[in-house]
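Try each task before reading its solution.

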Amino acid sequence: MLWSTSCRKDFEYTPSNGLLSFSKDTVYLDTVFANIGSSTYFLKVYNDSKDDIIIPKIALKNGNESFYRLNVDGVAGKNFENIPLYAKDSLFILIETTIDINDDTLSELVYTDAIQFDSEPYQQSVELVTLAKDAIFLFPDVASENSNQTVVLYNDDSGNPIEVKGFELKDEQLNFTNAKSYVIYGYAIVPQEKELVIDAGSRIHFHQNSGILVQDGAQISINGQLSENGDLLEGEVIFEGDRLEPEFAEIPGQWGALWISAGSQNNTINHLTLKNAELGIFVEGKPNTTEKSLTISNSRVFNSSRYNLWARNTSIEASNLILGASGNSSLLIENGGSYSFTHATIANYWNKGLRFNAALEIYNSRKNANEDGFDLTKAEFKNCIIDGNSSTEILLQSNNQNSFNFSFQNSFIKFNESTIDDDLLYNFDDEMLYSTIILEGNIDYYLPFENDFRIGLESEVINKGDVNTANSVPFDIIGEPRLPNPDLGAFQAKEKEM
């Protein structure tokens with residue numbers, strides 16, 4: 001008689017003996033704001049032995065009071081028991097945190113914990129470290145309908161209104177200091193007849209679809225100062241998104257804009273770094289207004305998904321200004337107005353997709369609607385650089401009905417004459433329009449695709465600035481003296497740092 005049987009292997013697990021290995025011995029969760037959840041980080045745990053094992057315990061050292069949260073192979077919690085791990089296999093642990101800073105005297109806190117595996121004498125651990133920053137959060141009062149407003153920012157290319165939610169700043173919120181960072185949800189609106197003052201060293205972070213809107217009759221004063229440390233930028237005012245992880249450091253379009261409405265006058269910006277917005281700075285004006293809408297100096301705007309500086313029928317005076325990479329134009333001027341740019345670097349080295357616009361575009365009508373126009377009374381560029389990674393980085397377009405007054409003096413303009421037919425606006429022999437112009441050559445930037453537009457000693461623009469113009473801006477954007485031999489753009493040339 002033959003007996004037929006089927007065989008089954010009964011898995012027998014060996015207790016963990018402290019010989020687990022890990023993808024990291026310390027997990028650094030990048031800087032977060034207090035009470036705001038982090039991104040998800042992971043740790044991989046390996047069983048390198050030939051035996052199937054059981055891990056008796058996986059737990060956070062700080063227990064249920066820990067600010068960290070775990071997910072072990074799909075199960076959420078802070079304490080896990082009897083976790084199987086097959087021979088030569090691994091398991092994933094996902095890690096998140098939301099940290100509360102209870103001490104009002106602290107502006108930031110380094111919070112630590114550990115994931116512990118097993119118990120003594122076989123206990124192993126992986127450290128967890130997070131820097132949490134305390135911040136002042138500004139957002140609409142959901143309990144008060146009167147405080148919430150729907151704001152139409154602009155109409156898109158199809159004429160559809162782009163609307164966002166906003167809220168008016170209260171009187172006690174109209175001075176941003178450097179004591180703590182600010183995080184803004186929605187558009188913070190500066191009310192009519194009020195002024196928002198932002199002190200040197202302030203850090204302003206914006207959530208998605210958020211920004212600052214300066215209403216008609218309101219005003220903003222950004223009072224940054226020259227920093228002694230070029231890495232810390234302790235005197236600079238910085239506008240950026242609210243995602244602090246390194247992978248978000250160069251992602252454009254994370255937040256909306258600094259929006260200066262028509263009728264807002266005498267706004268001032270000094271030593272501002274604004275990055276990763278959608279529109280950067282948008283300035284509207286009213287026809288026949290004599291007051292300047294904006295005076296901006298020693299500032300950098302870059303990595304905007306649409307425009308870095310968008311000016312519409314307004315008046316702007318700018319010096320030591322850098323307008324870097326942008327998904328469309330670095331500087332868009334439309335509907336005329338009055339503009340003066342001195343020692344500006346307008347250089348669009350966009351590398352995050354296709355770009356079809358010139359770095360500098362000037363219109364005396366709406367960009368996509370030539371029938372309605374306004375006088376361009378002045379658009380002067382002195383000791384400037386207009387450059388980028390396209391063959392031609394300037395576009396001038398008149399509706400031939402309104403005045404179109406512009407001039408470039410002692411400036412570098414990247415221009416390919418084969419791209420433009422016989423258009424008198426590009427007659428570089430006309431000294432009333434173009435005086436002492438450089439149309440090609442090596443500018444010798446440090447790292448243009450990283451928006452570092454310092455220039456080295458091999459640059460074509462060294463000593464090419466007009467001295468009389470430089471007398472009005474005798475120091476460059478980082479405080480280096482220009483005189484007696486000014487270079488073009490926002491920086492004086494220096495030997496490149498190794």
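Buried means under 20% relative accessible area, exposed over 50%, and partly exposed in between (1.4 Å probe, protein chains only). Strands (E, at least two residues) and helices (H or I, at least four) are DSSP runs numbered from the N terminus. This is a predicted model, in which local features need pLDDT of at least 70, side-chain atom pairs count only at pLDDT 80 or more, and totals for chains, interfaces and linings use all residues. Residues are numbered from 1 along each chain as its sequence is written, and side-chain values use heavy atoms, leaving out hydrogens and water.

**Exercise 1.** Work out whether the faces of strand S30 (residues 345–348) are covered or open, and find its partners.

*Solution.* Start with the side chains: in a regular strand they alternate between the two faces of the sheet. On one side of S30, Thr-345 and Ala-347 are buried, and on the other Ile-346 and Asn-348 are too, leaving both faces covered. Next, look for pairing, for which DSSP must find at least two bridges between two strands. Strand S28 (residues 309–323) runs parallel to S30, joined by 2 bridges; here Leu-323 stands opposite Ile-346. Strand S35 (residues 385–388) also pairs with S30 in the parallel sense, over 4 bridges, and its Ile-385 is the bridge partner of Thr-345.

**Exercise 2.** What does the side chain of Asp-487 reach?

*Solution.* First locate Asp-487, in the segment after helix H1 (467–471). Then follow its side chain, which reaches the backbone nitrogen of Asn-463 at 2.6 Å.

Terms used. Polar contact = N/O pair within 3.5 Å; in protein donor to acceptor, adjacent residues only side chain to side chain.
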